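Trainee: Can you walk me through this structure? I'd like to go residue by residue.

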Amino acid sequence: MDIGTFMEQLEDVEMSDGLWNPEVYIRIGLYQVKVSKVEYFPETEDEYEAIIIS
């Protein structure tokens, strides 16, 4: 998923459910935690360009 698609999906959820400024959580398996930061990492010889949500 690219950043544009991610932002569109967040906006769709916000508008469809009538939410205003909802909290954002991340779920991996059975664990769900509140997002605390978003970081950008440029491409290097060893890794792809990425936005990390943690």
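Trainee: Is Glu-23 buried or exposed?

Mentor: Glu-23 is exposed, at 52% relative accessibility. Buried means under 20% relative accessible area, exposed means over 50%, and partly exposed lies in between, with a 1.4 Å probe and protein chains only. Keep in mind that this is a predicted model: local features need pLDDT of at least 70, side-chain atom pairs count only at pLDDT 80 or more, and totals for chains, interfaces and linings use all residues. Residues are numbered from 1 along each chain as its sequence is written, and side-chain values use heavy atoms, leaving out hydrogens and water.

Trainee: Which residue does Glu-23 form a salt bridge with?

Mentor: Lys-34. Their closest N and O atoms are 2.9 Å apart. The two sit in distant parts of the chain, 11 residues apart: Glu-23 in the loop between α1 and β1 (25–28), Lys-34 in strand β2 (residues 31–34). Helices (H or I, at least four residues) and strands (E, at least two) are DSSP runs, numbered from the N terminus. A salt bridge needs a side-chain nitrogen of Lys or Arg within 4 Å of a carboxyl oxygen of Asp or Glu.

Trainee: And how exposed is Lys-34?

Mentor: Partly exposed, with a relative accessible area of 47%.

Trainee: How many salt bridges does the structure hold?

Mentor: Two. Glu-39 forms one with Lys-37, with 3.8 Å between the closest N and O atoms. Lys-37 is partly exposed at 44%. Glu-39 is partly exposed too, at 31%.

Trainee: Where is Glu-39 found?

Mentor: In strand β3 (residues 38–41).

Trainee: What does Glu-39 touch, sequence neighbours aside?

Mentor: Ala-50, Ile-51, Ile-52 and Ser-54, not counting residues up to four places away in sequence. Contact means heavy atoms within 4.5 Å.

Trainee: Let's take Ala-50, then. Where is that one?

Mentor: Ala-50 is in strand β4. Its relative accessible area is 26%, so Ala-50 counts as partly exposed. Beyond four places in sequence, Ala-50 is in contact with Glu-39, Tyr-40 and Phe-41. Ala-50 and Tyr-40 are 10 residues apart in sequence, with 6.0 Å from C-alpha to C-alpha.

Trainee: New topic. Which residues form the nonpolar patch on the surface?

Mentor: Ile-3, Met-7, Val-38, Tyr-40, Ile-51 and Ile-53. Together they have about 550 Å² of accessible area. Areas come from the Shrake-Rupley method with a 1.4 Å probe; for residues, only the protein chains shown count as cover. Patch residues have over 30% relative accessible area and no salt bridge; like charges are joined within 9 Å, nonpolar side chains (Val, Leu, Ile, Met, Phe, Trp, Tyr) within 5 Å.

Trainee: Which elements supply residues to the nonpolar patch?

Mentor: α1, β3 and β4 (50–53) each supply at least two. One of the patch residues is Ile-51. Ile-51 lies in strand β4 and is partly exposed, at 41%.

Trainee: Which residues gather in the patch of negative charge?

Mentor: Asp-2, Glu-8, Glu-11 and Asp-12. Lys and Arg count as positive, Asp and Glu as negative; His and the chain ends are not counted. A charge is placed at NZ of Lys, CZ of Arg, CG of Asp or CD of Glu. Glu-11 is in helix α1 (residues 3–16) and partly exposed, at 46%.

Trainee: Last one: Met-1. Buried or exposed?

Mentor: Met-1 is exposed, at 73%. Met-1 sits in the segment before α1. Leaving aside neighbours within four places in sequence, Met-1 is in contact with Phe-6 and Gln-9.
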